[in-house]
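Biologist: Hello! I am new to reading protein models. Could you take me through this one step by step?

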Amino acid sequence: MSASPVAPESPTSPQPVGGPVTPEPGGVTATIVLPCYNEQDHVLAELERITTSLDASGHRYEILAIDDASTDGTLAVLREAATRMPHVQVLAFRRNGGSGTARRIGTLRARGEIVVWTDADMTYPNERIPELIDLLLADPSYDQVVGARLTEEGTHKWLRVPAKWLIRKIAERLSNQKIPDLNSGLRAFRRSVSLPYLRLLPPGFSCVTTITLSFLQNQHDIHYMPIDYAKRAGTSKFHFVRDAYRYILQVLRMIMYFDPLKVLMPLALWLLGIGVVKAVVDMVRHPFYFPANTMLLIIAGLLIASMGLLADLIVRSRGDSALDPGVHEG
């Protein structure tokens, strides 16, 4: 089955291919967004696992399987599966846009109010997706359910565990929230709540960190459900140094976006404090003489504090709907 053309100026716009999704009476309750990149050997098994569990649950659902310009036979496998699985719709990218881009576009195209993000590499217990959906349906006070992994089974485990712990602690410190799993790829959330934050999603893996911090910073409650985590099938796309660096930058970027004083003011106060103490010591040792490094500390602290106050003023006055906190009655 051929894919419909995509405008050249929108290289990451998806092409609907495969069997069309037949609308069910009353629409769909949940949309599962499944980014796929070079997963030809196991993506069919993953689709069968997801559809089997959801069919048994009785939920009305759709699966948006997004091929992110795979270089193997993933797209062909997805197209063939779509002809046999009425709930599966395939979207194809002409160029690789990253998992964050795939998840953002999939969420925008979702017909279900509950959107589920997961991976197609057999790592997450996708047979438990109905449990995530049930939690959101049963308790309207939660806007997101995250599968919190109990173990780490990725590549470079001896590096990933301490790096993820450090990044998570930084995020917890800056957000004043307990975060059992900052970057789990298995999560379900309310689409209507997520819409203001989708434009903030980066193209890569740190999109899951972004959606977590966006919800937490705006008082949207998140429930963490413990899950097992298996060793991935196929080849990992995670590059430790590059992606860990991006994770840290994204955590700082998100806190700066919502509360810049959390990042800038502690640094400014430390510089000012050290500068003042040094100035007192210098005054005692050499009356009325302040070395250049003392003045530099004080001026740097004042400049950073001024930048923090200006950034906070911009955040408070921009009229961004993403800043409106989630409030639930009852």
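Biologist: Let me start with a helix: is α3 mostly covered or mostly open, and how many of its 11 residues are buried?

Modeller: Before that, a word on the source. This is a predicted model, in which local features need pLDDT of at least 70 and side-chain atom pairs count only at pLDDT 80 or more, while totals for chains, interfaces and linings use all residues. Residues are numbered from 1 along each chain as its sequence is written, and side-chain values use heavy atoms, with hydrogens and water left out. Now, buried means under 20% relative accessible area, exposed means over 50%, and partly exposed is in between (1.4 Å probe, protein chains only). Helices (H or I, at least four residues) and strands (E, at least two) are DSSP runs, numbered from the N terminus. In this model α3 is mostly covered, with eight of its 11 residues buried. Among them are Ser99, Gly100, Arg103 and Ile105.

Biologist: What covers the buried residues of α3?

Modeller: We look for contact, meaning heavy atoms within 4.5 Å. The cover includes strands β2 (30–36), β3 (61–67), β5 and β7, together with helices α6 (191–194) and α7.

Biologist: How do I read a nonpolar core, and which residues touch the most other members of the largest one here?

Modeller: In soluble globular proteins, nonpolar side chains tend to be buried together. A nonpolar core is a set of buried Ala, Val, Leu, Ile, Met, Phe, Trp, Tyr and Cys residues joined through side-chain atoms within 4.5 Å. The largest one here has 36 residues, and Trp117, Ile179, Leu182, Leu213, Phe215, Tyr224 and Val251 touch the most other members. Elements that each supply at least two residues of this core include α3 (99–109), β6 (142–149), α5 (157–175) and α8 (240–258). Apart from it lies another core, of 33 residues, with Ile63, Ala92, Val116 and Ile133 among them.

Biologist: Which residues is Ile179 in contact with, leaving aside its neighbours within four places in sequence?

Modeller: Ile179 is then in contact with Arg168, Ala171, Glu172, Thr212, Leu213, Leu216 and Tyr224.

Biologist: And charged side chains: how many salt bridges are there?

Modeller: A salt bridge is a side-chain nitrogen of Lys or Arg within 4 Å of a carboxyl oxygen of Asp or Glu. The count comes to 14. One of them joins Arg190 and Asp143, at 3.4 Å from N to O. This pair links distant parts of the chain, since Arg190 is in strand β7 (residues 187–190) and Asp143 is in strand β6, 47 residues apart. Both Arg190 and Asp143 are buried.

Biologist: Where in the chain are the partners Arg149 and Asp181?

Modeller: Arg149 is in strand β6 and Asp181 is in the loop between α5 and β7, 32 residues apart. Their side chains meet in a salt bridge of 2.8 Å, N to O. Arg149 counts as buried because its relative accessibility is 14%, and Asp181 counts as buried because its value is 5%.

Biologist: Why does Arg128 count as partly exposed?

Modeller: Arg128 counts as partly exposed because its relative accessibility is 21%. Its side chain meets that of Glu131 in a salt bridge (3.1 Å, N to O). Salt bridges can also join up: Asp259, Lys262, Asp312 and Arg316 are linked in a network.

Biologist: Finally, which residues does the UniProt annotation "transmembrane region" cover?

Modeller: UniProt positions are given in the numbering used here, feature names are shortened, and annotations may be inferred rather than shown by experiment. The annotation, from an unreviewed entry, covers residues 263–281 and 293–315. In the model, residues 263–281 are 100% helix and 0% strand, with end C-alpha atoms 28 Å apart. Residues 293–315 are also 100% helix and 0% strand, and their end C-alpha atoms lie 33 Å apart.
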